[in-house]
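Please keep the sequence and the structure in view while reading.

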Amino acid sequence: MNEVRVGMVGYKFMGKAHSHAYRDLPMFFPNAPRPVQKVICGRNEADVKTAAVQLGWEEAVTDWRELVVRSDIDLVDINAPSDAHKEIAIAAAKAGKHLFCEKPLALTLADAKEMLAAAEAAGVKHMVGFNYRFAPAVQLAKKLIDDGRLGRIYHFRAAFLQDWILDPDFPLVWRLDRNVAGSGAHGDLGAHLIDMGRFLVGEMTEVVGMSETFIKERPLPSSMTGLSAKGSANKVKGPVTVDDATLFMARFGCGALGSFEATRFAGGHRCTNSFEINGSLGSVKFDFERMNELQVYFTGDDPDVQGFRRVLATDPAHAYSEAWWPPGHTIGYEHTFIHETLELLEALQENRQPVPNFHDGVLCQAVLEAVERSIDEKRWVRLDEM
Ligand code: SOE
């Protein structure tokens, strides 16, 4: 397989990130199959045509049903708002297309399971977009844990902090509508933390959570606006139907204790996606806003140099780094999508499932939903109840 012909649904934030990955990947990873940006799909004809030109797609269409059955498409990439994921993924799987779907996989666990079942029945490959796994510094944390260099893991302490809806006049965009987004900070940001916890420490066995919607009503938006919308003067308001912040604690199967905080109300934090892991032999700390760095501590260091050290994950010893720039020449957010796409393309070439795939999407959704149940029922919820 030398080429993978892509049809992509959605052209906003994630559409741009994915398009950029398809475009730049062959320059740095020439041995991977080449993604061909065949056709992009969006509801607004004029906007999707403009996006096609700007993002480098051969063709633009407005009906995803037409896109998923085309014989010149191998892979359907779903970047539309979360409520559209299920229908598109199932139709694309039935048409025999490989799937690449943004997170959270679906609005509910039941929907996510249906998507996985459809993909398995069709025998297609499937990937879910947890891009932060693919930062070289995160891969280094994974390697240290897998190699036993942190010893027995005691703690996973994670926080994804943003502040883009702190202004009470920030409009009621789709991410604040439960019917479209499934949940708020929980599914949008908490999903990344859950995936990170699963990736690095393993499966969770039980959770207990709490959440809050601080601003209950917001001005209706004038049009579909995104994260960078400005406060609106619209006097007509609508209810916010998702959480502004969700926190939970978890027990991992390996015995570690986890704490997770996802909020859009952490003033001053634009995209602090962070974790700290403490083990019997050492600790690691990561903050996406300094994504090239991993803070590393080993209990066995000489007493006079005990403490965290900053490792810049840009050396040939670090995942993906050899393909980029000389050591110390850092990479950014967009590179996580390139590495994620590389995993997908290599998996297609090697005829194996990429990782993370819809199984990971389902397991993440189970944790999301267990936390929601715990909040509703004010109790610890075991994952095997889900
Ligand atoms: C908005 O909160 C957002 O773009 C998320 O949707 C992404 O998944 C996260 O990576 C950054 O923040």
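## Strand E8 and its partners

The model described here is predicted. Strand E8 pairs with strand E17 (residues 381-382) in the antiparallel sense, and two bridges join them. Within this pairing, Glu-206 has Arg-382 of E17 as its bridge partner.

E8, which covers residues 204-212, also pairs with strand E11 (residues 245-252). This second pairing is again antiparallel and runs over eight bridges. As a general point, strands of a sheet pair through backbone hydrogen bonds, in either a parallel or an antiparallel manner.

## Two domains

The protein chain is divided into two domains. The centres of the two domains, taken over C-alpha atoms, are separated by 25 Å.

Contact between the domains involves 16 residues of domain 1 and 18 residues of domain 2. On the side of domain 1 that touches domain 2, helix H1 (13-28) and helix H5 (109-122) are the elements that give two or more residues. The residues of that side comprise eleven nonpolar, two polar and three charged.

## The parallel sheet

An open sheet of six strands shows parallel pairing, in the order E3-E2-E1-E4-E5-E6. Strand E3 (59-61) and strand E6 (126-129) each have a single partner strand, so they stand at the edges and one side of each is left without a neighbour in the sheet. On average, and with direction ignored, neighbouring strands of this sheet are turned by 25° against each other.

One of the pairings in this sheet joins strand E1 (residues 3-9) to strand E2 (residues 34-41), in the parallel sense and over seven bridges. Val-6 has Gln-37 of E2 as its bridge partner. Helix H2 (residues 45-55) packs on the sheet and touches E2 and E3. The direction of H2 makes about 165° with that of E2.

## Helix H10 against H8

Which angle do helix H8 and helix H10 form where they pack? H8 (residues 185-200) and H10 (residues 358-377) pack at about 120°, and their axes are 9 Å apart. The two helices are therefore oblique to each other, and their crossing is right-handed.

H8 brings His-186, Gly-187, Gly-190, Ala-191, Ile-194, Asp-195 and Arg-198 to this contact. H10 contributes Asp-360, Leu-363, Cys-364, Val-367, Leu-368 and Val-371. By class, the residues of the contact divide into seven nonpolar, three polar and three charged.

## Helix H10 against H5

H10 also meets H5: the axes of these helices come within 9 Å and cross at roughly 170°. H5 and H10 are therefore roughly antiparallel to each other.

On the H5 side, the contact is made by Leu-109, Ala-112, Lys-113, Met-115, Leu-116 and Ala-119. The H10 side consists of Phe-358, His-359, Gly-361, Val-362, Gln-365, Ala-366 and Glu-369. Eight nonpolar, three polar and two charged residues make up the contact of H5 with H10.

How values were computed:
Residues numbered from 1 in each chain as written. Predicted model: local features only at pLDDT ≥ 70, side-chain atom pairs only at ≥ 80, totals over all residues. Domains from an automatic or database assignment. Contact = placed C-beta atoms within 7 Å. Helix = DSSP H or I, 4+ residues; strand = E, 2+ residues; numbered from the N terminus. Nonpolar A, V, L, I, M, F, W, Y, C, P; charged D, E, K, R; others polar. Pairing = 2+ DSSP bridges. Axes fitted to C-alpha atoms, helices over the stretch in contact; angles between N-to-C directions. Parallel < 35°, antiparallel > 145°, perpendicular 65-115°, else oblique. Left-handed = near helix turned anticlockwise from the far one by under 90°.
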